Amino acid sequence: HMYATHKPLSMKLQKLFREETHLESSTHFKMQHEETRSNAVPRTKTFVRNQWVVFLVTYVAYAAVYFTRKPFSLIKSTLEIELAFSKRDLAQIDTAFVFAKAIGQFCTGPMGDRWGARNMLTSGFVLCAVTCVLFGNSSALLPMTILWGVNGFAQVCVYVCV
């Protein structure tokens with residue numbers, strides 16, 4: 001009895017699929033598709049130049065965000081000496097970054113769907129820049145931990161869109 005109710009639905013789906021497949025192969029669909037293509041943005045010199053500008057700015061910003069992750073591992077020994085941070089303090093800062101990045105992996109997908117890739121990318125770039133500048137001007141453990149954690153989250157905002 002249970003299979004009998006599903007069989008008509010399956011047959012309806014097969015019929016619908018056949019109709020869609022037939023529509024795609026018809027000349028009407030092909031003509032309609034060509035009309036859509038002809039309405040595309042004309043590739044003027046200004047348009048192409050703007051494409052290159054957007055590409056280069058995005059590429060440089062992405063590279064800058066990528067390279068903001070590495071410096072902390074390079075300055076650990078300096079922080080240990082100059083700010084008298086223990087290995088545990090440095091591990092706390094590292095853990096904040098990785099933890100925020102892991103949480104961001106789950107949160108930023110739905111956030112990107114809601115707010116759009118452009119807004120996520122822009123906010124990620126700006127947040128990375130701000131947190132790095134503030135982190136560099138900080139000398140206390142708690143602000144550095146919070147800022148580096150926010151930086152980890154901001155980096156995921158960039159990577160979810162790329």
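Start with the largest nonpolar core: select F72, L79, F85, L90, I93, F97, F135, M144, L147 and W148, 10 residues in total. A nonpolar core here is a set of buried Ala, Val, Leu, Ile, Met, Phe, Trp, Tyr and Cys residues joined through side-chain atoms within 4.5 Å. Buried means under 20% relative accessible area, exposed means over 50%, and partly exposed is in between (1.4 Å probe, protein chains only). Colour helix 4, helix 5 (87-115) and helix 7 (141-159), the elements that give two or more residues to this core. Helices are DSSP runs of H or I with at least four residues, strands are runs of E with at least two, and both are numbered from the N terminus.

Before you go on, remember that this is a predicted model: local features need pLDDT of at least 70, side-chain atom pairs count only at pLDDT 80 or more, and totals for chains, interfaces and linings use all residues. Residues are numbered from 1 along each chain as its sequence is written, and side-chain values use heavy atoms, with hydrogens and water left out.

Now click on I93. Leaving out residues up to four places away in sequence, I93 touches F72, F85, F135, L141, M144, T145 and W148, where contact means heavy atoms within 4.5 Å.

Next, show the rings of F72, F97, F135 and W148, which form one aromatic cluster. Rings of Phe, Tyr and Trp (its six-membered ring) pair if their centres lie within 6.5 Å; planes under 30 degrees apart count as stacked, over 60 as edge-to-face and the rest as tilted. Zoom in on F135 and W148: their centres are 4.7 Å apart and their planes sit at 40 degrees, so this pair is tilted. F135 is in helix 6 (residues 117-136) and W148 in helix 7, 13 residues apart. F135 is buried at 6% relative accessibility, and W148 is buried at 4%.

Hop over to T68, in the loop between helix 3 (45-67) and helix 4. T68 is buried too, with a relative accessible area of 17%. Its side chain makes a polar contact of 2.7 Å with that of Q155. (That term means a pair of N or O atoms within 3.5 Å; within protein, one must be able to donate a hydrogen and the other to accept it, and residues adjacent in sequence count only if both atoms are side-chain atoms.)

Last stop: the cysteines. How many disulfides does the structure hold? There are 0, a disulfide being a pair of cysteine sulfur atoms within 2.5 Å. Select C132: its sulfur is 6.2 Å from the closest cysteine sulfur, in C128, too far for a bond.
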